[in-house]
Amino acid sequence: MEFGFTEEQEKLRKELHDFYATELPEDVSGVPALSRELQDFWMDLQRKAGKKGYLAPGWPKEWGGLGLGHIEVGIANEVEGYWGIAWPDGIGLHIVGPGLHLFGTEEQKKRFLPEISSGEKIWYECFTEPEAGTDEANQQTRAVKKGDKWVINGQKIYITGGYKPDWLYVEARTADTIPKHRGLTLFCVKADTPGVTVTALPCMGGYRANIFYFDNVEVGDDAIVGQINQGFYHVMATFEFERSNTGIAARAKRELQELIDFCRNTKRNGKPLIKDPMVRRALAKMAIDIEVLRLAAWRTAWRFGERKRLGPLDFDLTGFFSRLNAYTHPNLKMDILGAYGQLPMGSKYAKLDGAIERGWQVTRSYHYAGTMEAIKIVLAGRVLGLPRIPAKLHTTIMQALQEKEKQA
Amino acid sequence: MNFELSEEQKMLKKAAREFLENECPESVVRKAEDSDLGYPPELWKKAADLGWLGLIYPEKYGGSGMSILDLAILYEEMGRALFPSPHLSTVVLCGLTILEAGTEEQKSELLPKITRGELVMALALTEPEPTWDGKGWLPEGVTVPATPEGNSYVINGIKLFVHDALAANYLLVATRTRKGRRASDGITLFLVDAKSPGISYTVLRTTAGDKRQCEVVFDRVKVPAKNIVGKLHGGWAPLERAINVGAVLLSAQMVGSAEKAMEMAVNHAKTRIQFDMPIGIHNWVQEYCIMAFADVQGTRNLVYEAAWMLSEGIPCDLEVAMTKARANEACTDAHWQAHQVLAGVGFTTQDSVLPLHTKRGKVWQLYLGETDHWMEKVAQQIEKWPAPEKPRGKPLGIFNVPEDLQVPNWDVWANQIKNKGKLW
């Protein structure tokens with residue numbers, strides 16, 4: 001067992017840290033990318049980082065990465081977390097890229113991977129649908145083969161992103177199978193293909209999500225990623241990359257550092273906040289929670305590096321702990337600020353630039369890559385081996401409910 | 001970063017589990033509860049033969065020179081089986097203090113005996129008055145004086161919550177020999193023969209229901225000056241380090257116990273049938289099991305990290321404090337979750353092993369510092385954290401953001417997006 005890092009790894013950390021320290025004017029992580037200027041700024045930074053290979057340090061050099069191991073990728077994640085960097089093309093880097101690595105054809109890799117690792121393009125994942133949230137396999141969007149083209153029709157919702165996308169990573173139904181998840185296929189769809197339209201969904205905390213409509217959108221065979229009807233398995237395999245995110249804990253720690261500094265320098269009733277026992281206790285609790293989260297994330301990252309499938313022991317405890325913290329921490333922080341906690345950024349009286357208020361809002365939307373319930377279902381069923389309600393029983397329950405309604 | 005146990009650690013874990021399953025079933029734990037010693041001597045001897053008592057001591061004292069991390073893995077198994085033994089008192093709290101601060105004579109006299117299972121020791125630190133104040137485990141809590149008389153010292157006062165006092169051959173007593181500028185200055189440790197004239201013991205009946213904790217009264221107990229462990233007035237530093245190690249190992253023990261409780265709950269949820277189905281099919285029951293599982297896994301990582309840092313000699317006051325503070329919460333939480341799932345079969349003290357875990361879990365939570373104590377230690381460390389580099393600047397300062405977005409009103413912004421003809 002070993003909880004430290006090698007000298008090489010520390011060198012890499014310093015190199016990355018210094019790069020972002022030079023490039024970033026200040027901590028802008030709390031500022032939503034609303035304006036054209038801000039979007040341009042992040043895109044520029046993404047390209048600069050891409051040129052150095054920092055965007056995808058784990059990818060082979062031929063695809064624009066640095067060919068580093070999983071621990072090194074974890075370190076890069078931590079540094080990005082510290083600086084509050086959320087790449088405009090996070091999906092391309094963390095979902096599409098790994099997916100193409102695993103299941104893409106040589107041609108697709110050549111075409112897409114260098115674009116992604118250089119930070120030129122933006123990808124969105126179009127998986128979630130009105131009727132397919134946690135029940136990911138219940139996709140209604142259809143792709144039908146007509147001649148040498150696939151025609152996609154349907155609607156995708158809660159697709160996060162405020163930047164203009166270049167490519168969409170679409171999951172669609174290609175066969176009516178039982179069980180449902182054996183008939184799904186992945187497609188790369190150019191965002192400006194005729195028939196693709198979009199509506200914005202503003203979210204709490206200033207995020208933007210979107211609804212994408214696909215109306216007779218035509219793509220060729222070369223758009224298919226992996227095997228036909230195997231899309232669900234491909235998605236599940238690539239989602240695992242999202243689960244080893246060491247950046248969340250690094251970000252949380254930086255924000256705690258910021259709050260601690262605030263408590264050192266702010267007096268209430270003539271006494272620094274940090275001397276208040278209740279404040280101390282809240283800060284200590286958050287510090288412990290963050291350390292638990294950090295270790296869970298590193299454990300997952302390490303298991304990945306060892307080329308072991310994520311086993312029962314640490315299946316998405318990162319997501320589990322970060323969701324627990326997502327509820328408790330913003331509340332504790334707002335309590336420390338008192339009534340000032342409710343002031344958003346830019347307000348004359350806002351403390352810490354309103355970051356805590358925004359954090360509180362944003363954490364309400366923290367359901368990506370599966371809700372807490374989805375995580376718990378997996379933990380209960382796959383990890384602890386607890387029984388599941390059989391599908392048959394579901395049908396019986398639904399029928400009983402309908403009967404009751406009829407009688408009423 | 002590597003979370004893998006080494007081959008030796010895996011073997012140690014496996015061997016310990018097998019040994020304890022065979023030699024330390026529930027009946028042994030129950031029997032030990034009623035005995036004055038608090039542990040079965042033949043089992044203690046067997047543990048010595050397995051090398052558990054000298055595990056972390058250097059080879060020249062009969063030990064095997066293994067690391068604190070190795071011992072933490074063993075402690076997990078001991079917690080799982082509720083192994084009744086004075087291991088923590090003898091080997092860790094007293095033994096490690098002697099190993100660090102004792103004279104060569106003391107070390108070569110005592111440590112091999114401990115290793116062979118011939119010597120049991122108890123740490124007499126906490127006292128009646130300050131303990132209710134929550135200062136029991138701080139140097140401020142040490143007030144019992146040791147006054148010089150010729151070539152000896154005379155100890156006079158009461159020590160409370162002395163674990164394994166009735167079993168001990170020697171007590172390691174923390175005394176106040178001078179009032180220093182800081183509370184930690186002026187504490188001296190004495191090696192006291194447990195049968196010395198003037199010492200009397202009264203068992204404290206506690207939640208655990210055993211006889212392992214005592215009130216120890218020192219009525220003018222004479223101790224030769226050569227029995228001082230460490231420096232005169234300078235006993236706190238080595239003792240504190242031993243307490244830190246003890247706190248991490250105790251946390252490991254709590255994780256082991258919590259995991260056992262969690263497994264009992266999961267097992268019960270799978271097999272108990274009500275309304276013609278296993279109760280584990282219900283999400284509410286699953287929730288308890290999941291929370292216990294997360295408690296165990298999350299705390300275990302902390303334990304391993306702190307134990308690794310202790311083994312490597314990396315400063316880790318923060319990690320130690322985090323570990324015990326979280327273990328305190330997680331262990332009692334997991335026991336509680338198990339009680340919810342096991343319900344009737346969980347609280348009947350004769351039939352179920354769970355009450356044995358729950359009651360000990362509570363005692364361990366209060367031992368070597370309750371949650372408040374360690375939370376405050378965490379706070380003392382994190383308040384030294386530096387401010388982050390390049391903090392937030394003036395609100396939105398460097399970026400040219402439209403006037404109406406300077407104070408973002410998310411609803412205003414939402415309307416803007418909706419009203420825009422083009423979205424990008």
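Trainee: Leaving aside neighbours within four places in sequence, which residues is Lys324(B) in contact with?

Mentor: In this predicted model, and with those near neighbours in sequence set aside, Lys324(B) is in contact with Ala247(B), Ser251(B), Leu368(B), Gly369(B) and Trp374(B). Lys324(B) itself is found in helix 10 of chain B.

Trainee: Does one call Lys324(B) buried or exposed?

Mentor: The idea is to count the other C-beta atoms within 10 Å of a residue's own, where 20 or more make it buried and 12 or fewer make it exposed. Lys324(B) counts as buried because it has 32 C-beta neighbours inside 10 Å.

Trainee: How far apart in space are Lys324(B) and Glu389(B)?

Mentor: From C-alpha to C-alpha they are 30 Å apart, while in sequence 65 residues separate Lys324(B) from Glu389(B).

Trainee: Turning to the backbone, what is the phi of Asp164(B), and where does this residue lie?

Mentor: Its phi is near 60°, a positive value in a residue other than glycine. Asp164(B) lies in the loop of chain B that runs between strand 3 (152-163) and strand 4 (170-176), and it is buried because 26 other C-beta atoms are within 10 Å. Ala343(B) also has a positive phi, of about 45°, although it is not a glycine. The loop that holds Ala343(B) is between helix 10 (317-342) and helix 11 (344-347) of chain B, and Ala343(B) counts as exposed, because it has 11 C-beta neighbours inside 10 Å.

Trainee: How should I read the nonpolar core, and which residues touch the most other members of the largest one?

Mentor: In soluble globular proteins, nonpolar side chains tend to be buried together. Here the largest nonpolar core has 237 residues, and those that touch the most other members are Tyr169(A), Ala72(B), Ala265(B), Cys289(B), Ala292(B) and Val378(B). Helix 8 (residues 236-271) of chain B gives the largest share of this core, 19 residues. If we follow Tyr169(A) and do not count residues up to four places away in sequence, the residues it touches include Ile91(A), Trp123(A), Glu125(A) and Leu186(A).

Trainee: Where two chains meet, how many residues of chain A and of chain B are in contact?

Mentor: The size of an interface is often given as the accessible area lost when the parts come together. In terms of residues, 64 of chain A are in contact with 61 of chain B. Among the elements of chain A that each supply at least two residues to the side touching chain B are helix 2 (36-52), strand 6 (196-202) and helix 8 (277-305). The largest share of that side, 13 residues, comes from helix 8 of chain A. By class, the side of chain A that touches chain B has 40 nonpolar, 7 polar and 17 charged residues.

Trainee: At what angle do helix 3 and helix 8 of chain A pack?

Mentor: Helix 3 (residues 70-82) and helix 8 of chain A pack at an angle of about 145°, and their axes are 8 Å apart. His70(A), Ile71(A) and Gly74(A) in helix 3 meet Trp298(A), Ala301(A), Trp302(A), Phe304(A) and Gly305(A) in helix 8. The residues of this contact divide into 5 nonpolar, 3 polar and no charged.

Trainee: Finally, into which domains is chain A divided?

Mentor: Chain A is divided into domain 1 (7-88), domain 2 (124-229) and domain 3 (243-370). Taken over C-alpha atoms, the centres of domain 1 and domain 2 of chain A are separated by 28 Å.

Conventions. Residues are numbered from 1 along each chain as its sequence is written. Chains are lettered from A and ligands numbered from 1 in the order in which they are written. This is a predicted model: local features need pLDDT of at least 70, side-chain atom pairs count only at pLDDT 80 or more; totals for chains, interfaces and linings use all residues. Helices (H or I, at least four residues) and strands (E, at least two) are DSSP runs, numbered from the N terminus. Two residues are in contact if their C-beta atoms, placed from the backbone, lie within 7 Å. Ala, Val, Leu, Ile, Met, Phe, Trp, Tyr, Cys and Pro count as nonpolar, Asp, Glu, Lys and Arg as charged, and the others, Gly among them, as polar. A nonpolar core is a set of buried Ala, Val, Leu, Ile, Met, Phe, Trp, Tyr and Cys residues joined through C-beta atoms within 7 Å. Domain bounds come from an automatic or database domain assignment. Axes are lines fitted to C-alpha atoms, for helices over the stretch in contact, and angles run from 0 to 180 degrees between N-to-C directions.
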